[in-house]
Amino acid sequence: MFYSFICNKCNSNFEIRASISQMTAGLRVICPNCSSEDVSRDYSTISFGVSSGNNSSTSSSCSGCSGGKGCCN
């Protein structure tokens, strides 16, 4: 899975790829921009790292809604 973080020192947004077990074990996360360990999880973005097999980078809806102002928007 990919986890999004925000650096509290330089306000940089970044993602790391880690397993759930790594995260629950207390994986040490360091900002790639300023090397600070003062980072916070960004729960506004969740990515599972699953590819649909095509090269489309955008999608108007997820498989669980109609694409309106529901779960995706």
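A disulfide is taken here as a pair of cysteine sulfur atoms within 2.5 Å. The structure is a predicted model, in which local features need pLDDT of at least 70 and side-chain atom pairs count only at pLDDT 80 or more, while totals for chains, interfaces and linings use all residues. Residues are numbered from 1 along each chain as its sequence is written, and side-chain values use heavy atoms, with hydrogens and water left out.

A search of the whole structure gives 0 disulfides. The cysteine sulfur closest to that of cysteine 7 belongs to cysteine 34 and lies 3.6 Å away, which is too far for a bond. For cysteine 31 the closest cysteine sulfur is that of cysteine 10, at 3.7 Å, again too far for a bond. Cysteine 7 has 0% relative accessibility and therefore counts as buried (under 20% relative accessible area; exposed is over 50% and partly exposed in between, with a 1.4 Å probe and protein chains only). Cysteine 31 is also buried, at a relative accessible area of 1%.

The chain contains 1 helix and 3 strands, assigned as DSSP runs numbered from the N terminus (helices H or I, at least four residues; strands E, at least two). Their order along the sequence is β-β-α-β. Of the 73 residues in the chain, 19% are buried. With contact defined as heavy atoms within 4.5 Å, 39% of the contacts between residues at least 6 apart in sequence join residues at least 24 apart.

Beyond its neighbours within four places in sequence, phenylalanine 5 contacts Ser12, Asn13, Phe14, Ile16, Met23, Val29, Val39, Ser40, Arg41 and Asp42. Phenylalanine 5 and phenylalanine 14 are both buried. The whole structure holds 1 aromatic pair. The ring centres of phenylalanine 5 and phenylalanine 14 are 5.8 Å apart and the ring planes meet at 15 degrees, so this pair is stacked. Rings of Phe, Tyr and Trp (its six-membered ring) pair if their centres lie within 6.5 Å, and planes under 30 degrees apart count as stacked, over 60 as edge-to-face and the rest as tilted.
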